[in-house]
Amino acid sequence: MGSRKHKKTNQRLLTLFLIISIAIVSAIYFALNRPKEKGDTLQGPYPPTPMEEKNQKITLFFADSNGRLLVGEEREIEGHPSIADQVKECLHQLIQGTQDQDLSPVISPRTQLQGVFLDLDNGIAYVDFSAEISTDHPAGPEAELLTTYAIINTLCHNFPAIKRVQILIAGREEESLAGHIFIQLPLMPAWDLRSGGR
Amino acid sequence: MQSLERKAQNHGNYSLALHFALYTFSLLLCFIAAFSAISAVNARDIPAPRKIFLDPGHGGKDLGVRGKGGLTEKVVTLEVAKYLRDILQQRLGIEVFLTRSGDYSLSLTERIALANNRKADLFISLHTGAAFNPRRQGFNMFYMNTAVADSEPLEQPPTDSLPSWLRGQEEFIPASQRLAQILMERLNKAFYLPTHAGRILGGPWAVLIGARMPSVLVEMGYLTNPIEEDKLRDKIYRQAIAEALSNAIEEYYRDEL
């Protein structure tokens, strides 16, 4: 009688041990395969976050030699696992400036990209720059137009899921970047500013 | 007999005085009629209401563009606005208001709110340019257009997300484009530039976005170009710009007839 009782207890302990083991293994498995969280990134349940790590071709827009229109400059960048990281890399490249002597940069190189927030359910990218994008800007209406749309056109051209872009300055929605263009709401790209049009 | 002669003489004097009075009265009537006719012609030339808001860009801590020689946009825009105000008031009898008459700053929405509250029938924001290329020169005109993209249509147009008070400019976009065209032509003509020099561009201009009247942002040359900075420093050059803008405004009003 005593031995049967002891055997039953052992079976229960074994079952408990197995359950706990399965739970621990599962927890470890899910922890290892959990999607990486980006502190400054909001992403909808969307399209396939590209997981490719290989290099990627992008087009950046800079001012043409007359300072009238935007011209695309192709560049190859290091691949990134998430669309938010790709957007960041793209904007970092835009801030670094053009490699073409005939083109002009449209953002001061002192500018820092402070964050990227993606709301791809609504096709909107929020991009937050440090105050230098504004304080270092030459300030004319036409120059401001080119800076604003160099950012918007670059993102919308390279990331089809992005339909509109809102520029934030030092974490805030400002009235304008340099006193002329309304940036308190997300803006669509202006393809007609590209040299040669669409 | 003598009394008859005196009576006749008196009658003659009365008659002469009467004729003189009638002649003077007729002359007066002619003057009044002529004056009325001239006034009527003028009123037709520049139809009512004639209330313009001029907006000298920037101000106070906001210098706007600063040229290499130290000339600032806020100074140029205020000077030209004052010249233009004087010309419009004196020559055309138009009521003119400035969004700022001194060196202080105003937000962009405050500027438009002032014009909307006064129910102005034109709004002209004066600016100077800056370019990434220091050789860039000339004039540009900008009008409001939120639908700047020609990409595939969105389910929700960009302007739908604008609060209603910010959508005030939409119905005036064709008139604003026409005004921009006339301003451009007059400036090019005044400074002997080719007819099609300069740009007329639509965009989401913050200072025009809620204006309930035809509105244009005028870029009066580039302070980043040292040659244009020198010109803009010259009082006569600024007055010439104001003169050309005044002619354009007069032409715009005549076209409205």
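Guide: Welcome! Let us start with one term: contact means heavy atoms within 4.5 Å. This is a predicted model, in which local features need pLDDT of at least 70 and side-chain atom pairs count only at pLDDT 80 or more, while totals for chains, interfaces and linings use all residues. Residues are numbered from 1 along each chain as its sequence is written, chains are lettered from A and ligands numbered from 1 in the order in which they are written, and side-chain values use heavy atoms, with hydrogens and water left out.

Visitor: How many residues of chain A and chain B take part in the contact?

Guide: Chain A gives 38 residues and chain B gives 37 residues. Another way to describe an interface is buried area, the accessible area (1.4 Å probe) that two parts lose on being put together, summed over both. Here chain A and chain B bury about 3100 Å², with 61% of it on carbon and sulfur atoms. On the chain A side, Glu142(A), Phe182(A) and Met188(A) supply 20% of the area buried against chain B, more than any other three residues.

Visitor: How many salt bridges are there between chain A and chain B?

Guide: A salt bridge is a side-chain nitrogen of Lys or Arg within 4 Å of a carboxyl oxygen of Asp or Glu. The count between the two chains is two. In one of them, Arg136(B) pairs with Glu142(A), with the closest N and O atoms 2.7 Å apart.

Visitor: Which helix gives the largest share of the side of chain A that touches chain B?

Guide: Helices (H or I, at least four residues) and strands (E, at least two) are DSSP runs, numbered from the N terminus. Helix α4 (residues 141-158) of chain A gives the largest share of that side, seven residues.

Visitor: Where does Asn140(B) lie, and is Asn140(B) buried or exposed?

Guide: Asn140(B) lies in strand β4 (residues 139-144) of chain B. With 1% relative accessibility, Asn140(B) counts as buried. The side chain of Asn140(B) reaches the backbone nitrogen of Arg199(B) at 2.9 Å, and a polar contact of 2.6 Å joins it to the side chain of Tyr222(B). Glu142(A) is also among the residues in contact with Asn140(B).

Visitor: What elements does chain A have?

Guide: Chain A has four helices and five strands, running α-β-β-α-β-β-α-α-β from the N terminus on. Of the 198 residues of chain A, 49% count as buried.

Methods:
Buried means under 20% relative accessible area, exposed over 50%, partly exposed in between (1.4 Å probe, protein chains only). A polar contact is a pair of N or O atoms within 3.5 Å; within protein, one must be able to donate a hydrogen and the other to accept it, and residues adjacent in sequence count only if both atoms are side-chain atoms. Lists of a residue's contacts leave out its neighbours within four places in sequence.
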